[in-house]
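Please open the model in a viewer and keep the selection tool at hand.

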Amino acid sequence: MSALPERPITILIAALGGEGGGVLADWIVAAATAQDYPVQSTSIPGVAQRTGATTYYIEIYPAKTSGLGGRRPVMALTPAPGCVDVVVASELLEAGRAMQNGYVDERTTLIASTHRVYTVAEKMHMADGRFDSDVVLKAAGELTRRAVLFDMQAQASAAGTVISAVMFGALAGSGTLPLSREECEAAIRSGGKGAEASLKGFAAGFERARGERTIAPEEKKRPLDATLCSPVQRVRQTFPPETRAILGEGAARCADFQDSVYANFYLDRLEPIVNLDRAADGYKLAIESGRFLALWMCYEDVIRVADLKTRKSRVERVREEVQAKPHEPVHLTEFLKPGLDEFAAVLPRWLARPLKGVAGTTGLANKLNVGMRVKTTSVSGYLLMRCLAWLRPLRPLTSRWHEEQALIDRWLAAITAAAKRDTGLALEIALCARLIKGYGETHKRGKGNFLRIMNTVIESDVVSGASRAEAIRKAREAALADPEGRKLEQSLEAQGIAPLPPRPKPVRFMRRNDRKAA
Amino acid sequence: MERSFKKEVELLKLKEGQTFHGEGILAVTKALLQSGVSYVGGYQGAPISHMMDVLNDARDIMGDLGIHIETNASEAGAAAMLGASINYPLRGAVAWKSTVGTNVASDALSNLSSAGVRGGALIVIGEDYGEGASIIQERSHAFAMKSQIWLLDPRPDLPTIVRMVEKGFELSEASNTPVMLELRIRACHLHGSFAARDNRAAEFSRKNTLENPDFDFGRIPLPPATYAQERVKVETRWPAAQKFIRENQLNEVFDGTIAEVGIIAQGGMYNAAVRALQQLGLADAFGNSKIPIYALNVTYPLVPEEVGAFCAGKRAVLMVEEGQPAYLEDALHTILRRADLQTKVHGKDCLPMAGEYTGEVVLSGVAKWLEAVAPHTEKAGVDPASVRQAFERLTAPKKRAAELLGTVPARPPGFCIGCPERPVFAAMKLIEREQGAFHISADIGCHTFSTLPPFNIGNTVLGYGLGLASNAAIDAIFSRRTVTVMGDGGFWHNGLTSGVANAVFNKDDGILVIMKNGYTSATGTQAIPSSLHQTEWKSGDMSIERALKGIGVQWLKSVYTYRVSEMAKVLRKAMASPFRGLKVIIADAECQLERQRRIRPQVAAALLRGKRVVRTRFGIDEDVCTGDHSCIRLSGCPSLTIKASSDPLKVDPVAHVDNDCVGCGLCGEVAHAAVLCPSFYRADIVQNPNAWDRFIAGLRRTVIGWLQPAEPRSTT
C-alpha cells in the first residue's frame with residue numbers, strides 16, 4: 001500500500017441562512033462520495049430563519065475507501081485553528097469572521113465573495129456604520145496562502161442562479177479539492193432541479209478562480225456632470241482645482257434645485273471660506289463646506305420631492321431597479337404623508353407663522369398628517385405631483401426658504417469666523433451640517449441636535465482653545481450614535497454643559513390604581 | 001414544512017448489504033426501523049426538528065411496518081407516550097430538543113423511569129448546546145442522574161450512532177429502564193455513511209394489535225409501590241445496566257503507546273480529542289493515538305470496573321467533559337478514591353468549565369494538559385517544547401487577525417424578509433416612541449428576535465408558551481397595562497392552559513398578542529392544530545379564536561399584521577380600554593417563508609402558461625433618500641438595506657430595497673404610520689400583460705410624456 005495522506009482536506013463554508021450553503025455542502029459530499037472518498041459534513045443551521053451567520057464544515061480524506069482495508073479516518077465536527085484548508089465565504093464580512101475565529105492561516109485558501117450584505121447594526125446607524133471592506137481585503141491578503149476574491153453575487157445574478165453555484169465553481173477552480181471539474185459538475189447534475197443555471201454559475205466561478213484575479217469591491221459614484229451651465233464654468237475658472245469636482249457638482253445641484261442665480265449665490269457664499277482655506281490642507285474645509293452647503297441649500301421640500309418623482313429619468317431608473325422587462329407595464333404608488341409642517345413650509349411666512357402657532361397650542365400639529373398613496377403612473381396622480389413641482393419659481397416666497405437661509409447664514413458665519421483662526425475648527429463646524437437630514441420627526445430631531453451643538457459649543461465660549469474642535473467632533477458623533485439624543489447630552493455634559501431633561505412622553509395608558517382592591 | 005424529506009426517506013428502505021449515505025437524523029430513524037419499534041413520536045425543535053419531518057414524510061414506510069407515528073402536543077406528551085412500554089413489550093422512541101424539552105417532559109420521565117419499562121424505550125435528545133444553540137445552556141446529564149435514565153453519548157460517527165440506537169433498546173430491556181440518546185447539534189446534521197441492515201417489524205403494532213390489558217400495582221406511582229421502585233432502580237436495574245454495558249462493550253478503549261497517561265472522553269467529544277492529538281503530532285488520521293483513550297459512549301451510568309481498569313497504572317488522565325457541572329469528573333474522582341487508585345484526574349483545570357468544546361477549545365485544553373503531565377510523557381518521547389511550538393503556531397493567526405480586523409460586527413438570526421411578525425413590533429416601537437416604554441413579557445419563537453436590534457422589545461423570556469404566565473405578577477404590580485407576546489406554537493404547546501385559561505380564571509387585566517402565523521415557524525414550520533394547510537394525517541379546523549372564546553375570553557380582536565397603523569390603533573385601544581380582563585389581539589398573517597414556498601411554484605407555473613401575474617415590490621428613490629436610516633430602525637428587514645450613494649455629494653449610504661423583496665407592504669405602512677419620508681414607492685409589475693394593460697399603459701405614458709419637463713440634466 002502506498003503511503004496514505006496524513007490528514008483530511010478540511011473545508012469551512014461561511015454563509016448566511018437561506019443562501020444555499022447546505023446545497024453547496026451536499027454537492028461537495030455527493031462529488032466526494034461518487035469518487036469513493038471518505039467524506040463527512042456537519043453544520044449548525046440551528047433556527048429556520050433566513051438571516052444569521054451560519055457555517056458548514058466538511059472533511060474529505062483524499063484516498064479511496066476501497067483502498068483503506070476497512071479503516072475509517074476519524075474526522076472532526078468543528079473546524080480548528082490552523083487546520084482549515086479552504087474557507088469559502090458567501091459574503092465579505094463572513095470571510096472576516098472566519099479570519100477573526102482563527103480559521104485562516106498560511107495553509108488556507110480563502111474563497112470569498114466581495115459583495116456585502118450589511119448587518120442590522122451597520123444598517124441602522126444614523127450616518128455610516130458600514131464595516132470597512134478594505135480591512136477584510138487587507139487581512140485576506142496577509143493571512144492566507146491564497147485569496148480568491150470576487151463578487152460572486154453579481155456572477156450568480158448574471159447566470160440566473162444562486163450564489164452557492166458560483167461558490168462551488170470557485171472552490172473547484174481553486175484546485176484545492178481532490179475532485180475534477182467534471183466530477184463536480186456531475187454532482188450538480190444529479191441534484192436535478194435548476195441544474196442548468198447552477199452549471200452556468202459554476203462555470204463562472206470556476207473560470208474566475210482559475211484566473212486568480214483579485215478585484216476590490218467598487219463603489220460606483222455617478223460621474224460628475226459634464227453639462228456646462230455658467231455657474232459650473234465659474235467654478236472651473238475661479239476655484240482651486242482640488243475643490244472643483246465637489247463645488248461644480250454643488251453649483252449644478254443648486255441650479256437644478258432652483259435656478260442659476262441660486263447656483264451663483266451658492267458660490268458667492270463659499271468664496272470667503274475658500275479664500276481662508278489652504279492648499280496645504282488639500283482644501284478640505286472648502287470641499288466639505290461646499291458639499292454640505294449644496295445639500296442644505298437643496299433641502300427636500302414637497303416641491304423638490306414632487307419634482308424628483310415626476311422626472312422621466314426616474315421612471316427609467318425605477319424600471320431598471322425593479323427588473324421590469326420592456327413590455328411589462330409598471331404601476332408606481334408613492335407613500336406620502338404630508339402634515340401641517342409640510343403644508344406650512346410652502347406657505348408665505350405671514351400665513352405659516354400664525355397657522356403653526358394655532359396648531360401648536362391646540363395639539364393639532366401631529367394629527368393633521370394625511371396618509372396619501374399617489375399613483376404617479378396614472379395621469380391624475382402624475383398631474384397632482386407635477387402641479388406641486390411647478391411651484392418651484394415661487395419657492396423663495398415660502399416660509400421654509402426663509403428659515404433655511406437664515407440658519408445656513410448662521411452656520412456659514414460660524415465657519416468663517418473660526419476659519420480665520422483655525423481651519424481645523426472650521427472644518428468640524430462645517431461637518432455638523434451632516435446632522436440635518438431626513439423628513440418630519442427625523443429632520444426635526446436632527447436639526448434640534450445641530451442647534452444644540454451650535455448654541456452650546458460652537459457659538460458660546462464654554463469650551464475654548466484647542467479642545468473646542470475636539471468637543472464639536474465628539475458632540476457630532478454622539479448625536480449620530482443615538483436617535484434619542486441622550487448620547488449627545490452626555491457628550492455635552494462631559495464638557496461641563498448642563499444636559500437637557502429627556503422629553504416627556506404623554507401617558508395614554510389606563511391608570512389602574514383602583515383595581516384588584518378586592 | 002421547511003424541508004421535505006420525500007426523497008431522502010427512500011434511504012429508510014435500504015436492506016442488509018447496502019450502504020447508507022446521509023444525515024445523522026435519518027440514520028437514527030433507520031436504526032429505529034432496524035430495531036423493530038412499534039411507535040414513534042416527539043416534539044420539534046432544533047436540532048432534531050428534521051427527525052419529526054422525516055417521520056412524517058416516511059409515513060408510508062412506517063405504515064408498512066405497522067409503526068404508529070404521533071405528532072405529540074409537547075415534550076411532556078411525548079414522554080408520556082412512552083408509557084406504552086411500561087406494561088407491554090413494545091419498543092418505542094420519541095425525540096425532542098434538550099434541555100428545554102427535557103424540562104417540559106420531566107414529570108412524565110420521572111414516573112416512567114420509576115415504574116420501569118418492559119419494552120425498550122428510547123428518547124433521542126438533540127442537545128442544543130454551543131454554537132448555533134438557541135436556548136439556555138444546560139446539560140441533559142442531570143436528568144439522567146436524578147431519574148436514573150441511562151444516557152448514551154455515542155462517538156459522532158454514523159456506524160457508532162446506529163449501533164448505540166440498536167443497543168440502546170437492548171440495554172433498556174435488559175435493565176427495564178428508559179434510555180436517552182444524546183446527539184449534539186453537529187452530530188444531528190452529520191453527513192456520513194454506514195452499512196445498513198434489514199428493517200424489522202415489531203411483534204405488536206398497528207398491524208398486530210394488543211388484546212389483553214396488563215395490570216401490576218407495582219408499576220403505579222403510589223406508595224408503597226414507589227418505595228419498592230426506588231430500591232429496584234438502584235439494586236437491580238443499575239447493576240443490570242452496568243453488566244450489559246460491560247458485556248456488550250458499549251464503551252471503547254483505544255490503546256496507545258504512552259501507558260502512563262490517558263484521556264477519558266464523552267463519546268461525543270472523542271473526535272475533537274483525536275483531532276487535537278493529531279494537530280499536536282500524537283495521533284494519525286485514523287485515530288491511532290500515542291495516548292490511550294477511553295471513549296464513554298455511555299456517560300451514565302459509569303462502569304467502575306472499566307474505569308478502574310483503564311486508570312490502573314496511569315499517573316494522570318484528562319477528562320474531556322463538555323458543559324457544567326462536571327458530573328463525570330466528580331464521579332471519576334469518587335470511583336478512583338473507592339478503588340484506591342492514585343491516578344491524578346485533570347479536566348476542568350485544563351479545559352474551560354463552561355461553553356462548547358470546539359476544536360480550538362479542546363486543542364488548547366489538551367496542549368495545556370500535556371504540559372502538566374510532561375514529566376510522565378517525556379521518557380516516551382513527547383517533547384513538551386515541540387507541543388508548545390505546535391500549539392503556538394496553530395493559534396498565532398487568530399491573534400494576528402484580531403489585530404488586523406478589530407471586531408467584526410455580529411450577525412445574529414432575525415426575522416425573515418416579509419415576516420408577518422415584524423410589523424407588530426414596528427407598531428410597538430411606534431407606541432414606545434409616543435408614550436414611553438412599557439413592559440413586554442416575551443415568549444419562545446421567532447418573535448423572540450424582537451429583543452434584538454433594531455426593536456429591542458421584550459423584557460423577559462421564561463419558556464415556551466409561558467409568556468402570559470410569566471406576566472401574572474407583572475400585570476398586577478404595574479400601574480400601566482403590560483403586554484405579552486405568544487406564538488401560536490406556544491399557544492398550543494402550553495399557552496392555552498397555563499397562560500390564557502389561568503389569566504381568565506384569575507381575572508388578569510393584561511394584553512396578549514398571539515402571533516398567528518400558522519406553524520411552529522422557528523423549528524422549521526411544522527404544522528400545529530390551527531394550521532391552515534393540514535395533511536391527511538391531521539385534523540383540520542381547530543381554531544385559536546374558538547378555543548379562546550370557549551374558555552371565556554371576551555375582548556378579542558384580530559388584526560392583519562401588515563397594517564401597522566391598524567395594529568398600533570388596536571394596541572392603543574387595548575391599553576386604554578375600560579374593559580377589565582384579558583384582552584387578546586390576534587396578529588394574523590401566514591409565515592412568509594412558508595407562504596413563499598407555497599406560492600412561488602404556483603406563480604412560476606402561471607407565468608409559464610402565459611397568465612397575467614402582478615409582481616409587487618418596494619423601492620426607494622435614492623435622490624429623495626437622505627441617508628438617515630430611520631426606516632431601517634423601524635424594520636430591520638433583510639431586504640431593506642443600504643448602498644453607497646451614487647450622488648458624489650452624499651457621504652452616508654442611502655437606504656435601498658434589494659431584489660429579494662417580496663412586497664409585503666411593511667415599508668409603505670411604516671412610512672405612513674411613522675410619518676417617515678416620501679422616498680418609498682411600491683411598484684406593481686404586470687407580467688404577461690394583456691391588451692388592455694398595454695393599451696392603458698401606452699395611453700398614460702403618452703399623456704404623462706406631454707406633461708413631463710425636459711430633463712434639466714442627466715442623472716445616469
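Begin with chain B and select domain 3 and domain 4: 13 residues of domain 3 of chain B are in contact with 15 residues of domain 4 of chain B, two residues being in contact if their C-beta atoms, placed from the backbone, lie within 7 Å. On the domain 3 side, the elements that give two or more residues are α17 (422-435) and α22 (564-576) of chain B; helices (H or I, at least four residues) and strands (E, at least two) are DSSP runs, numbered from the N terminus. Colour α17(B), which gives the most to this side, with five residues. By class, this side of domain 3 of chain B has eight nonpolar, two polar and three charged residues. Here Ala, Val, Leu, Ile, Met, Phe, Trp, Tyr, Cys and Pro count as nonpolar, Asp, Glu, Lys and Arg as charged, and the others, Gly among them, as polar.

This is a predicted model, in which local features need pLDDT of at least 70 and side-chain atom pairs count only at pLDDT 80 or more, while totals for chains, interfaces and linings use all residues. For making selections, residues are numbered from 1 along each chain as its sequence is written, and chains are lettered from A and ligands numbered from 1 in the order in which they are written.

Next, display the whole of chain B by domain: domain 1 (8-247), domain 2 (252-404), domain 3 (422-594) and domain 4 (612-707). Such bounds come from an automatic or database domain assignment. The centres of domain 3 and domain 4 of chain B, taken over C-alpha atoms, are separated by 31 Å.

Select α22(B) again, now with helix α24 (residues 666-673) of chain B. Their axes come within 8 Å and cross at roughly 55 degrees; axes are lines fitted to C-alpha atoms, for helices over the stretch in contact, and angles run from 0 to 180 degrees between N-to-C directions. That makes α22(B) oblique to α24(B), given that angles under 35 degrees count as roughly parallel, over 145 as roughly antiparallel, 65 to 115 as roughly perpendicular and the rest as oblique. Show the side chains of Val564(B), Ser565(B) and Ala568(B), which meet Glu669(B), Val670(B), His672(B) and Ala673(B).

Now bring chain A into view. The contact between the chains takes 122 residues from chain B and 130 residues from chain A. On the chain B side, helix α16 (residues 384-405) provides the largest share, 10 residues.

Which strands form the open sheet? Select β8(A), β7(A), β26(B) and β23(B), which follow one another in that order with antiparallel pairing; two strands pair if DSSP finds at least two bridges between them. The edge strands are β8 (372-375) of chain A and β23 (613-620) of chain B. Five bridges join β7 (residues 330-336) of chain A to β26 (residues 680-687) of chain B; there, Glu334(A) has Tyr681(B) as its bridge partner. Eight bridges join β23(B) to β26(B), where Phe618(B) stands opposite Arg682(B).

Finish in chain A with α7 (residues 181-190) and α8 (residues 195-211), whose axes come within 9 Å and cross at roughly 150 degrees. The two helices are therefore roughly antiparallel to each other.
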